[in-house]
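This report goes through the strands and helices of one protein model. Look at the sequence and the fold before reading on.

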Amino acid sequence: MKIRILLADDHTILRAGLKMMLNAQPDMEVVGEAQDGRQAIQEAQRIQPDVILMDITMPDINGIEATKQIKRLLPDVRILVLTMHEHDEYVFQALRAGAAGYMLKEAADTELITAIHVIKSGQFYLSPTAQSVVVGDYLQRVRTGEERDSYSSLTEREREILKLVAEGHTNNQIAERLIISPKTVDTHRTHIMDKLNLHSRAELVKYAMRRGLLED
């Protein structure tokens with residue numbers, strides 16, 4: 001089965017180049033395109049792709065807001081933010097919105113294929129610049145005493161579910177894997193968020209990255 005990809009970028013020439021490169025891969029196919037955030041949301045619902053390559057700066061609705069809305073409508077779709085912005089606020093906004101990866105356009109010719117395979121497998125991909133931002137944020141939180149680690153308060157089951165959620169698995173997938181009900185998974189997930197003082201899946205993923213839970 002080919003990885004079905006939706007391109008969301010307001011630059012026609014860039015989309016054409018990406019489409020040519022991706023369609024040349026034996027296991028990838030570009031199945032749709034969008035030139036702004038609103039169209040990206042509409043096309044995502046219509047096509048239901050496996051992966052979306054999402055620009056940030058687009059007309060009407062920007063890529064961050066489009067990512068947030070798409071993840072609310074289609075939780076299982078994997079979104080890779082592909083942008084020229086390397087500022088830390090954009091990295092964290094993308095992760096909070098539900099993006100599974102963040103990379104710069106200038107690295108697309110060398111990193112993009114790998115990044116798509118990584119996020120499609122349920123993992124997360126951050127370019128070296130984005131990784132530096134995340135690590136820098138962690139070190140700053142440690143220095144200021146803001147990093148409060150309550151990991152030891154989690155039960156073994158909660159730690160297991162934390163890792164699976166951070167890897168991108170849905171409640172149903174986790175339930176099937178652990179032979180428990182989706183409702184039980186949701187209850188554990190709520191307890192995890194409360195104990196770690198987290199308020200969104202993006203924050204949970206960020207926490208898991210800081211703990212090194214996504215390295216295996």
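Which residues of helix α5 (residues 108-120) are buried? They are Ala108, Glu111, Leu112, Ile113, Ala115, Ile116 and Ile119. Buried means under 20% relative accessible area, exposed over 50% and partly exposed in between, with a 1.4 Å probe and protein chains only. After α5 comes Gly122, with a positive phi near 100 degrees.

The model is predicted: local features need pLDDT of at least 70, side-chain atom pairs count only at pLDDT 80 or more, and totals for chains, interfaces and linings use all residues. Residues are numbered from 1 along each chain as its sequence is written, and side-chain values use heavy atoms, leaving out hydrogens and water.

Helices (H or I, at least four residues) and strands (E, at least two) are DSSP runs, numbered from the N terminus. Six strands, 6 in the order β2-β1-β3-β4-β5-β6, form an open sheet with parallel pairing; two strands pair if DSSP finds at least two bridges between them. At the edges are β2 (28-34) and β6 (125-126), each pairing on one side only. Between β1 (residues 3-8) and β3 (residues 51-54) there are 4 bridges in the parallel sense; Ile5 has Val51 of β3 as its bridge partner.

Helices α4 and α10 pack at about 115 degrees, with axes 7 Å apart. Axes are lines fitted to C-alpha atoms, for helices over the stretch in contact, and angles run from 0 to 180 degrees between N-to-C directions. Contact means heavy atoms within 4.5 Å.

| Helix | Range | Residues in the contact |
|---|---|---|
| α4 | residues 88-97 | Phe92, Leu95, Arg96, Ala97 |
| α10 | residues 201-211 | Ala202, Lys206, Met209 |
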